[in-house]
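Here is a friendly walk through one protein model. Please keep the sequence and the 3D view at hand while you read.

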Amino acid sequence: MTTGERWFSGIAITAFSCALLMDLFTEYSAVKLSVLLIFVFWIPLLVLHECGHAFVAAAVGWRVREMVIGFGPTLWRGRIGDTLVKLRLVPLEGYVLPEPQGAAGMRWKSALVYAAGPGAELALLGILVTIFGWGQIFQETEAMAWIALQSLVIAIILGVVMNLLPFRVGHGVSDGLGILLSPFMTQQTIDERLIAAERDHIIQLLDKGEWQAAYTETTQLIEKYPDSRSLAALHTQTMAALGQVDTARARVREQVAGSDKADKLPLLLLQADIELAAESPDFLTLDSALQQAKKLTPAQSAILARQAASHVLKREESIAAPLLKDVWRKIDGCGDDAFVLLYLTIAAHRLREFDAAARFHQAF
């Protein structure tokens, strides 16, 4: 979030909490605790929801790469089997990253995995209704046990309805929209899902400096999946890493020009990365790519990190350092962490902040 969004969110949450407490203690009755209980029950229901996705993904033969509960800074991370699990500060949302293991039945399997989250909550609702009955659950009462049960049922219904509404979330979709779109998945989308693991392996090779191996693997994959836009972009990236900068520049210009709005952002970031890594950066191209990227998503950390790096290359460390520090606080160990630390180290050293430079270097 931007600074303004953080302030607005903080004020809104504080105002809501104060209003809730004031109402709770004005003519107190046990039933007023139901709003608080709905929030309390939301957390275990969120865990149940994400476990539903993960369980069905594993049941249809897919690998579950990652399961995240909450958003914000990571409080704990560990592995359950092959799955990386992260618990974050604010447990109001989450996600699961499944990895298909073959094209067979991809469409119906995808629909099942999307449906499994709200399905797990609906299964719990069915058990409660079977045991207690609708009339019994929603009786008027001051007994805390029944109020807690009513709050749990309401939290389930709210969660299911919200998740089944069809809408887009960032680069993803809600469960409801995922269920609707899965039967009509294009072959290109299926291919992109199938190559996700191999694409990640190529990125790891690039991170390790094994550029020739990355280029070879990408070339082989492109022969198998010639229509993959993400592979084409990755191929351009490997070419730049091998020193074929002019060819990479020409290719990424063509890719940016031929892309639609949904695919443009990663290509603009790639264009910026090619210039940042070039021996003689074209700052006009670099600045233009970042300006276009900011028009698409103004506050994204990846864009701000590259903007700060361009200031470092221009010897504008006093501008770059605070921007890099702000980005570092936001990303919390995500994909650009090493990138940011590298430029933080350079900026701090040039500003003669040697203790800070040493800390950043050690973290890098």
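How many aromatic pairs does a search of the whole structure find? The search finds four aromatic pairs, where rings of Phe, Tyr and Trp (its six-membered ring) pair if their centres lie within 6.5 Å, and planes under 30 degrees apart count as stacked, over 60 as edge-to-face and the rest as tilted.

Before going further, please note that this is a predicted model, in which local features need pLDDT of at least 70, side-chain atom pairs count only at pLDDT 80 or more, and totals for chains, interfaces and linings use all residues. Residues are numbered from 1 along each chain as its sequence is written, and side-chain values use heavy atoms, with hydrogens and water left out.

**The chain as a whole**

The secondary structure of the protein chain comes to 17 helices and four strands; helices (H or I, at least four residues) and strands (E, at least two) are DSSP runs, numbered from the N terminus. Along the principal axes, the C-alpha atoms fill a box of roughly 75 × 55 × 35 Å. Of the 364 residues in the protein chain, 39% are buried. Here buried means under 20% relative accessible area, exposed over 50%, and partly exposed in between (1.4 Å probe, protein chains only). Among contacts (heavy atoms within 4.5 Å) with a separation of 6 or more, 55% are between residues 24 or more positions apart.

**Two of the aromatic pairs**

Phe132 and Trp146 form an edge-to-face pair, 5.7 Å centre to centre with 80° between the planes. This pair links distant parts of the chain, with Phe132 in helix α3 (residues 106–132) and Trp146 in helix α5 (residues 144–164), 14 residues apart. Phe132 is partly exposed at a relative accessible area of 34%, and Trp146 is partly exposed at 22%.

Phe339 and Tyr343 form a tilted pair, 5.1 Å centre to centre with 50° between the planes. Because they are four residues apart in helix α16, Phe339 and Tyr343 are separated by about one helical turn. Both Phe339 and Tyr343 are buried.

**The cores**

A nonpolar core is a set of buried Ala, Val, Leu, Ile, Met, Phe, Trp, Tyr and Cys residues joined through side-chain atoms within 4.5 Å. The largest one has 40 residues, of which Ile274, Leu324, Phe339, Val340 and Tyr343 touch the most other members. Elements giving two or more residues to this core include α10 (229–241), α11 (245–258), α12 (261–277) and α16 (337–350). Helix α12 gives the largest share, eight residues. Apart from this core lies another, of 21 residues, among them Val60, Val64, Val96 and Tyr225.

**Around Phe339 and Arg306**

Leaving aside neighbours within four places in sequence, Phe339 is in contact with Asp273, Leu276, Ala305, Arg306 and Ala309. The charged end of Arg306 sits over the ring of Phe339, 5.2 Å from the ring's centre; by this rule, NZ of Lys or CZ of Arg is within 6 Å of the ring centre and within 35 degrees of the ring normal. Arg306 is buried, with a relative accessible area of 7%.

**Salt bridges**

A salt bridge is a side-chain nitrogen of Lys or Arg within 4 Å of a carboxyl oxygen of Asp or Glu. The count by this rule is 14. Three of them are listed here.

| Pair | N to O distance |
|---|---|
| Asp200 and Arg65 | 2.3 Å |
| Arg249 and Glu275 | 2.8 Å |
| Arg306 and Asp273 | 2.7 Å |

Asp200 is in helix α8 (residues 196–207) and Arg65 in strand β1 (residues 63–80), 135 residues apart. Asp200 is partly exposed at 22% relative accessibility, and Arg65 is partly exposed at 28%.

Arg249 in helix α11 and Glu275 in helix α12 are 26 residues apart. Arg249 is buried at 17%, as is Glu275 at 2%.

Asp273 is partly exposed, with a relative accessible area of 24%. Finally, salt bridges that share partners join Arg63, Arg65, Glu99 and Asp200 into one network.
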